[in-house]
Amino acid sequence: MATSSSGASSGSSTLRSSSSSEDFQPILDERKRKRMLSNRESARRSRMRKQKHLDDLMAQVSDLTNHKNQILTSINVTTQLYSNVEAENLVLRAQMTELSNRLQSLNEIIHFINSSNGVLQNDTNLDQPDYCHPHHQLNDDSLMNPWNFSTTNQPFMPCADMMMY
């Protein structure tokens, strides 16, 4: 502070500073009030941003939940289709095994017929009574004629073992 020669002048400077602080008080109060209003507005905007962000996150949760449910439904449908195809595949494998066995049996019968025809043709000259009997005599057409009851016709019967794959 500046030093003055008289004591009265220092008292007047103190008086001036108190009067000047009284002059600034309304200005300071006004600044304080504006700052409070600004802070309130800033807090309100912050709360609005937070609420909007929360609303956006809730919408995103809802969208993701819906998407998850669609994926789960798709997985369930695909699993059901897979189970159906797998069951059909098992049936087809069993049918393939049965048909393969039938084909093998038919091929064995054809082989037997072909080999029997050759043996019987060579042995027809034998003078045995069974071959001479008209009902027991075998010729080339006897095994191939479906109306000939002297040959045994056996149906193919699937067994439980054929159903395994």
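This is a predicted model: local features need pLDDT of at least 70, side-chain atom pairs count only at pLDDT 80 or more; totals for chains, interfaces and linings use all residues.
User: Before we start, how do accessible areas get worked out here?
Analyst: Accessible areas come from the Shrake-Rupley method with a 1.4 Å probe, and for residues only the protein chains shown count as cover. The protein chain exposes about 14600 Å², with carbon and sulfur atoms supplying 58% of that.

User: OK, how many helices and strands does the protein chain have?
Analyst: Two helices and zero strands. Those are DSSP runs, numbered from the N terminus: helices are H or I with at least four residues, strands are E with at least two.

User: And how much of the chain is buried?
Analyst: Buried residues make up 5% of the 165 residues. Buried means under 20% relative accessible area, exposed over 50%, and partly exposed in between (1.4 Å probe, protein chains only).

User: Switching topic: how many salt bridges are there?
Analyst: The count comes to five, taking a salt bridge as a side-chain nitrogen of Lys or Arg within 4 Å of a carboxyl oxygen of Asp or Glu.

User: Which residues pair up with Glu41?
Analyst: Arg44 does, at 2.3 Å, N to O, and so does Arg45, at 3.9 Å. Through shared partners, salt bridges join Glu41, Arg44 and Arg45 into one network.

User: Is Glu41 buried or partly exposed?
Analyst: Glu41 is partly exposed, at 31% relative accessible area.

Definitions and conventions. Residues are numbered from 1 along each chain as its sequence is written. Side-chain values use heavy atoms; hydrogens and water are left out.
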